[in-house]
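Biologist: Before we discuss this model, could you set out the terms as we go? I would like each answer to end on the value or name I ask for.

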Amino acid sequence: MGLILLPLLILWLGVGIYAIRIGYQVLAGTSQLSYTLSVGAIAMVALLLYLYFGFAQFKGNKELWAFEIPMFFAANKLAFGVMFLGLLLHWFGQGMLTSAYLKPLPFIMIFTVSFGAMAGVVLSDTFMAKFEIQKTH
């Protein structure tokens with residue numbers, strides 16, 4: 001399973017690094033600290049909500065396949081869709097995203113799903129141990 005999961009994690013890591021680059025480009029152009037802090041806070045809250053609602057789907061289970069949670073986060077179709085939409089907005093939507101409130105949208109979208117996927121994979125064992133979910137192989 002590592003042959004599938006590791007390339008997905010490398011992909012999400014690359015996308016996460018690109019998201020940080022997008023965020024830097026957007027936030028370096030402004031001189032307001034409050035704007036930078038609010039965009040960072042929104043991105044972190046979105047990330048935490050993504051993780052919370054992702055893990056909430058598995059709370060009621062008594063046993064799960066060992067790679068079910070990591071594969072949910074790493075190979076989520078919705079996350080790939082959000083990533084592609086964010087990339088398209090960043091590459092081709094700069095003319096549409098003229099408002100200061102909309103410029104960080106691609107950064108927030110891509111940051112949330114990329115770091116959410118990596119954190120979900122890393123924290124899956126901790127989640128299973130906390131809620132006493134048995135692993136099946």
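Modeller: Contact here means heavy atoms within 4.5 Å. This is a predicted model, in which local features need pLDDT of at least 70 and side-chain atom pairs count only at pLDDT 80 or more, whereas totals for chains, interfaces and linings use all residues. Residues are numbered from 1 along each chain as its sequence is written, and side-chain values use heavy atoms, with hydrogens and water left out.

Biologist: With which residues is alanine 19 in contact, leaving aside its neighbours within four places in sequence?

Modeller: Alanine 19 lies in helix 1, where helices (H or I, at least four residues) and strands (E, at least two) are DSSP runs numbered from the N terminus. Its relative accessibility is 0%, so alanine 19 counts as buried; buried means under 20% relative accessible area, exposed over 50%, and partly exposed in between, with a 1.4 Å probe and protein chains only. Once neighbours within four places in sequence are set aside, the residues in contact with alanine 19 are Phe107, Ile110 and Phe111.

Biologist: Against which helices do the buried residues of helix 1 pack?

Modeller: The buried residues of helix 1 include Leu5, Trp12, Ala19 and Leu27. The 27 residues of this helix (residues 2-28) should span 39 Å at 1.5 Å a residue, and its end C-alpha atoms are 38 Å apart, which agrees; the expected span is 1.5 Å times one less than the number of residues. The buried residues of helix 1 pack against helix 2, helix 3 (68-74), helix 4 (77-92) and helix 5.

Biologist: In what order do the elements of the chain run from the N terminus on?

Modeller: The chain has 5 helices and 2 strands, and its C-alpha atoms fill a box of roughly 50 × 30 × 20 Å along the principal axes. From the N terminus on, the order of the elements is α-α-β-α-α-α-β.

Biologist: Which element gives the most residues to the lining of the largest pocket?

Modeller: A pocket is found on a 1 Å grid over the protein atoms alone, as an open set of points where a 1.4 Å probe fits, with protein on both sides within 12 Å along at least five of seven lines, and lining residues have an atom within 4 Å of a point. The largest pocket has a volume of about 160 Å³, and its lining includes Leu51, Tyr52, Phe127 and Phe131. Helix 2 (33-56) and helix 5 (105-130) are the elements that give two or more residues to this lining. The one that gives the most, with 4 residues, is helix 5.

Biologist: Which side chains meet in a salt bridge?

Modeller: A salt bridge is a side-chain nitrogen of Lys or Arg within 4 Å of a carboxyl oxygen of Asp or Glu, and by this rule the count comes to 1. The N to O distance is 2.8 Å, and the side chains that meet are those of lysine 135 and aspartate 125. Lysine 135 lies in strand 2 (residues 134-136) and aspartate 125 in helix 5, so the pair ties together parts that are 10 residues apart in sequence. At 40% relative accessibility lysine 135 counts as partly exposed, and the partner in this salt bridge is aspartate 125.

Biologist: Is asparagine 76 buried or exposed?

Modeller: Asparagine 76 is found in the loop between helix 3 and helix 4. Apart from neighbours within four places in sequence, asparagine 76 is in contact with Tyr50 and Met71. At 13% relative accessibility, asparagine 76 counts as buried.

Key. Grid points are joined across faces, edges and corners, and a volume is the space filled by probe spheres set on the points.
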